[in-house]
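Work through the following exercises with the sequence and the model at hand. Each task is followed by a solution in steps.

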Amino acid sequence: MEVKQKRLKYACYATNVCMSIVGNLSPLLFLTFRSLYGISYSLLGLLVLVNFVTQLLVDLAFSFFSHKFNIAKAVKFTPILTAIGLVIYALSPWITPNAVYVGLLIGTLIFSSASGFAEVLISPVIAALPSENPEREMSKLHSVYAWGVVIIVLFCTLFLLIFKSKNWQFLPLILTVIPLVASILFSGTAIPKMQTPEKTSGALTMLKDKRLLLSVFAIFLGGASECTMAQWCSGYLEQGLGVPKALGDVFGVALFAVALGLGRTLYANKGKNIEKILLIGSIGATICYFVASVSPFALIGLLACALTGFCTSMLWPGNLIVAENRCPKSGVFLFAMMAAGGDLGASVGPQLVGLITDFAIANPSLVSLSETLLLTPEQFGMKLGMLVGMIFPLLSIFVCLKFIKTKNKD
């Protein structure tokens, strides 16, 4: 029994690495698609939006209709769906040679759906397994995602450097090995039974629980705090601080992910008092956002961006832990709602920074202010956008204080 549980755990880890692929493959290939197929920046950005929206829709579907799904079969089908999406994505130049973007979009829809399934289902699987310290097991699961990002970014960068952009199709095909391994690991394992609402009205009743709503808001802020910096740090280092593109790509994305993985790994090995950890992380992230946005020195800005990864490392998995402790009988519904909240934050945060940046560049008064500060409009706009992004970890501080206060009352 113990061997099968370990196998199931490793299958969950491999599935989380699949999420690392889904979240980072398209951004790493943007310039390749632009140069080879002339795809516009707006359409390239749409691939990322489709990714998040698809995951969000899957989260919401499980939130209210989880009782309609065969949970065990859905878990085991998730990596297979990822592999199908990656294959269609890779073969798009041959499947739809006159409309490559259509193939990319279909592949994105499929593997993003799989990522949505993984977000909702893998955490409760780990939570359902017997463990001496469930909190650390949850942190370990999410640390795998962060280390997966590091590996995927470095592997993709090295692949494109050696085999050139024209051979990009082989990259997603090679990466299908990971979901296939996950699928093999899942075979022969028994998925723990998980609680779901008996009907949609049961889910609606759970939505009246103020503890659940506060937890969803907390992970919304955590998702926004993490993903805003994760998606903008490379561009910010390049445009806002003048760091060369290659260094911005490697240190912006990979170093952030290393710090993210390090924070989650440390909690998995030594962590306790999750509410206090969330409070400290929120305070640290607020400071990092502020320093990154106002510092005129590239090295300090780079370090602030990287340290944000460490500070936000527990804001997603930690809020899952708190939510499960506060609402222990919510089952799959809880994890689905939390995934929806996190994905919404991951969508809203980066989008807000982009809107603020564009507004600053187009506003004559702010352009004049940027010239007074000896900054280009782009530099000033990105700094202002990053400063506005600070609102998410700042608000998270107050939510964490609320968690600590209510815990002390209990």
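**Exercise 1.** Locate L279 and decide whether L279 is buried or exposed.

Solution. L279 lies in helix α11, residues 274-294 (helices are DSSP runs of H or I with at least four residues, strands runs of E with at least two, numbered from the N terminus). The model is predicted, so local features need pLDDT of at least 70 and side-chain atom pairs pLDDT 80 or more, while totals for chains, interfaces and linings use all residues. Residues are numbered from 1 along each chain as its sequence is written, and side-chain values use heavy atoms, without hydrogens and water. The relative accessible area of L279 is 16%, so L279 is buried (buried is under 20%, exposed over 50%, partly exposed in between, with a 1.4 Å probe and protein chains only).

**Exercise 2.** State how far apart L279 and I39 are in sequence and in space.

Solution. In sequence, 240 residues separate L279 and I39. In space, the C-alpha to C-alpha separation is 43 Å.

**Exercise 3.** Describe how α1 and α5 are placed relative to each other.

Solution. Helix α1 covers residues 2-37, and its axis comes within 8 Å of that of α5, crossing at roughly 40° (axes are lines fitted to C-alpha atoms, for helices over the stretch in contact, with angles from 0 to 180 degrees between N-to-C directions). The two helices are therefore oblique to each other (under 35 degrees is roughly parallel, over 145 roughly antiparallel, 65 to 115 roughly perpendicular, the rest oblique).
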